[in-house]
Each structure stands twice: as C-alpha cells, then as structure tokens.
Amino acid sequence: MDKYMEVIKKSKNFPRDINPAIQRDVKLYPVSADDFDFLSDEELVIRGSAIDAVQYVQLATEEYRKEYTLVLYGERRGDKISFRDYSFAEGKDSSASFQKEQLHLAKKTYRKRNGEVIYAHTHVVRGISYNCFSVNDLIFLVKQAVLNNRDVYAVLITKEDVIPVKYSLAKNEFFRVRLKVKKS
C-alpha cells in the first residue's frame with residue numbers, strides 16, 4: 001500500500017496541511033471533494049435497481065450504524081456512463097472494505113468493451129468530516145486505477161448527499177463529476 005500512498009502524495013489533491021504530530025493516522029485524514037476541480041464533460045447516470053441499491057445503503061447505514069460498500073457496474077456511451085447492476089456488502093461498525101467478489105465483478109466489467117465501474121461506500125454520520133473522503137479512500141481509488149490501468153469513479157454516500165468523483169490516472173488528480181438519477 002505504500003507505493004499507492006507515494007502516488008497520492010504527488011497528487012495536487014493530497015492535503016498538505018497534515019501535521020503528523022497531531023494526526024495519528026494520515027490514512028484517516030478527511031479530504032473534501034469540494035476542493036476537487038469539476039469536470040463538466042462527464043456524467044454518471046444511475047438507473048433502475050441501482051437507484052434502489054444506493055437508497056438502501058444510504059438508509060441502512062443510518063439505521064444500523066454500519067458502513068457499506070456498493071459497486072455499480074455499467075457502460076460508457078460517449079460522455080455519459082450508465083449504471084444498472086450492482087453488488088453491496090455490509091461493513092463492521094464504522095468501516096467497510098470492498099469484498100473479493102465485488103472486485104472480481106469490477107474486473108469482469110472492465111473487460112467489456114465499454115465497461116465502467118463506480119466504487120461507492122457510505123459513511124455513518126459522525127463528526128464534522130463524515131461527508132469527506134479519507135486519504136485511505138483515495139488510496140483505494142489510486143490502487144484500482146493502477147491495477148486496472150484506467151481512470152476510476154467513486155461515490156461517497158452520506159445521509160444527505162451522494163458525492164461523485166473521478167480519479168484520472170494520467171493526471172494523478174481527482175475531479176468532481178455530475179451524477180444523475182434516472183427512473184427508467
């Protein structure tokens with residue numbers, strides 16, 4: 001994991017104000033997606049039962065006070081990427097990690113001609129930075145980008161919001177992207 005930390009440290013999005021004496025674990029440091037540049041030319045579209053999956057993990061996170069992972073599988077068409085299929089997993093207490101089966105299905109989706117994936121996870125309402133990605137979350141995205149040799153998409157799901165981002169492998173930078181929910 002250290003090599004991915006080194007990659008993310010070179011990113012313009014890595015928080016430079018971390019005081020190691022105060023911050024015990026840099027990987028837990030919050031990073032607000034509000035600071036990421038916005039890409040207006042890409043749009044993620046969630047359709048069908050994937051909408052229900054997002055809503056389910058959003059509600060279950062608050063009800064059971066556990067984090068969840070959710071991987072959405074879809075297809076790119078021009079500058080829009082539509083997602084209909086999904087798999088989710090329940091975490092333990094206030095943390096969750098993507099399961100082997102979810103990652104296997106992601107690789108399988110990437111092998112399709114226009115296959116795309118969103119790695120989503122939830123945060124339980126706790127503290128002032130629950131609506132931020134952690135450095136560890138961003139390291140996971142860098143790792144997936146490197147392993148799959150492609151840009152990756154992620155969504156942070158909180159009680160009030162769904163925050164979509166893209167990690168560009170070529171630019172080593174994170175961006176905000178548009179997200180649309182379409183009933184179809």
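Helix H4 gives the most to the lining of the largest pocket, contributing 6 residues. This is a predicted model, and the pocket in question has a volume of about 840 Å³. Its lining comprises 29 residues, and those nearest the centre are Glu67, His123, Ser134, Asn136 and Asp137. Besides helix H4 (135-148), at least two lining residues each come from strand E5 (115-122), strand E6 (133-134) and strand E7 (152-157). Sorted by class, the lining of this pocket holds 16 nonpolar, 9 polar and 4 charged residues.

By class, the lining of the second largest pocket is made up of 3 nonpolar, 5 polar and 7 charged residues.

Next, the sheet. Strands of a sheet pair through backbone hydrogen bonds, in either a parallel or an antiparallel sense. Here 7 strands close into a barrel, with mixed pairing, in the order E2-E4-E3-E5-E7-E8-E9. On average, neighbouring strands of this sheet are turned by 35 degrees against each other, direction ignored. Valine 165 has arginine 176 in E9 as its bridge partner.

Helix H2 (residues 49-64) lies across strand E2 (37-47) and also across E3, E4, E5, E7, E8 and E9. Relative to E3, helix H2 runs at about 160 degrees.

Notes. Residues numbered from 1 in each chain as written. Predicted model: local features only at pLDDT ≥ 70, side-chain atom pairs only at ≥ 80, totals over all residues. Heavy atoms only, no water. 1 Å grid on protein atoms, 1.4 Å probe; cavity = no way out; pocket = protein on both sides within 12 Å on 5 of 7 lines; lining within 4 Å. Points joined across faces, edges and corners; volume = space filled by probe spheres on them. Helix = DSSP H or I, 4+ residues; strand = E, 2+ residues; numbered from the N terminus. Nonpolar A, V, L, I, M, F, W, Y, C, P; charged D, E, K, R; others polar. Pairing = 2+ DSSP bridges. Axes fitted to C-alpha atoms, helices over the stretch in contact; angles between N-to-C directions. Contact = heavy atoms within 4.5 Å.
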